[in-house]
Amino acid sequence: MKLGGIKSKENAHDDSVWAVTWVPATANHAPLILTGSLDETVRLWRSDDLVLERTNTGHCLGVASVAAHPLGSVAASSSLDSFVRVFDVDSNATIATLEAPPSEVWQMRFDPKGSILAVAGGGSASVKLWDTSSWQIIATLSIPRPEGPKPSDKSGSKKFVLSVAWSPDGKRLACGSMDGTISVFDVPRGKFLHHLEGHFMPVRSLVYSPYDSRLLFTASDDGNVHMYDAEGKALVGTMSGHASWVLCVDVSPDGAAIATGSSDRSVRLWDLSMRASVQTMSNHTDQVWGVAFRPPGGSDVRGGRLVSVSDDKSISLYDYS
């Protein structure tokens, strides 16, 4: 697999772009790119030429995360203002506003069926699960502390939750925390299973393999990308190469590669069979906060796509084959 730059959009937002995802194609629209920024807006872009389709407003602080329903008709944005806004992709109309005190909201993800939205609750040390038919909370998964506090964990408040990821079968939810620990939950039973150890700095992004509910990829400020057997609690691989924090990770639809973005301003492509970085892209001039592979499906038969966003306010689009 090799990346090729297609297009970059400078000044896509008025401030840092912290979040990006793909909105799957529907009968009404082709695949879209959804971005969220510290300028408090959410924007939808045509995925072939990065032309702005529409802007969604309503948050009063920066947007930290965006998520798209797997059917492509609904999307959500979470903000440092402690609210999640759910809206119709085609009309921009607000469907629901979810309040998530007592702290700001960080990452969120729809489950594979689109029936649950998982929202990482930051300082509340929990993940809230919202039913997407009623937009009511159906569970709160509290992050327990690992046995034996770490030497740096003086206050016990390091369980700040930064990231969430669903397994492809929707039965497991993994959560990355400020102290580097990863918590794995059995969602149908609402039960905490275990922690995954190995990182020693914040885990800002994680993602399961689309074909293996055991295989989890994690990105951390310690500069490393880890591969875990999330069921067996085993660290099965470590990939290093970035010169600074690894802020985001996503896995390709075929499960053969991952992409990462870093504070070193680069996007890297990693071959999982080699467990090595095979390409570095330097389109951005500041920290890269988001990378996302286009999901499979839709009528577009062109090759794969990857998108990245950065503190430099830009969006970069790549193809790969």
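Predicted model: local features only at pLDDT ≥ 70, side-chain atom pairs only at ≥ 80, totals over all residues.

**Aromatic pairs and their surroundings**

A: Across the whole structure, a search turns up 5 aromatic pairs. One of them is stacked: tryptophan 18 and tryptophan 106 have their ring centres 6.2 Å apart, with 25° between the planes. The planes count as stacked because they are under 30 degrees apart. This pair ties together distant parts of the chain, since tryptophan 18 belongs to strand E2 (residues 17-23) while tryptophan 106 lies in the loop between strand E9 (94-99) and E10, 88 residues apart. Tryptophan 18 has a relative accessibility of 19%, so it counts as buried. Tryptophan 106 also comes out at 19% and is buried too.

Phenylalanine 293 and tyrosine 320 pair edge-to-face, 5.3 Å centre to centre and with 90° between the planes. Here again distant parts of the chain are linked: phenylalanine 293 is in strand E26 (residues 288-293) and tyrosine 320 is in strand E28 (residues 315-320), 27 residues apart. There's also a cluster, in which ring pairs link Trp18, Trp106, Phe160 and Trp289.

The loop holding tryptophan 106 runs between E9 and E10, and E10 belongs to an open, antiparallel sheet of 4 strands in the order E10-E11-E12-E13. Strand E10 (108-110) and strand E13 (136-142) are at the edges with a single partner strand each, so one side of each has no neighbour in the sheet. On average, neighbouring strands here are turned by 20° against each other, direction ignored. E10 is joined to strand E11 (residues 116-120) by 3 bridges, and the two run antiparallel. Arginine 109 sits opposite alanine 118 in E11.

Another open sheet of 4 strands, antiparallel as well, has the order E14-E15-E16-E17. Its edge strands are E14 (161-166) and E17 (191-196), each pairing on one side only. The twist from one strand to the next averages 25°. Between E14 and strand E15 (residues 172-177) there are 5 bridges, again antiparallel, and serine 163 stands opposite glycine 176 in E15.

As for the cysteines, searching the whole structure gives 0 disulfides. For cysteine 175, the nearest cysteine sulfur is that of cysteine 248, 19 Å away. Cysteine 175 is buried, at 0% relative accessibility, whereas cysteine 60 is exposed, with a relative accessible area of 52%.

Notes:
Residues numbered from 1 in each chain as written. Heavy atoms only, no water. Pairing = 2+ DSSP bridges. Axes fitted to C-alpha atoms, helices over the stretch in contact; angles between N-to-C directions. Disulfide = S-S within 2.5 Å. Buried < 20%, exposed > 50% of the residue type's maximum accessible area, 1.4 Å probe, protein only. Phe/Tyr/Trp six-rings, centres within 6.5 Å; stacked < 30°, edge-to-face > 60°.
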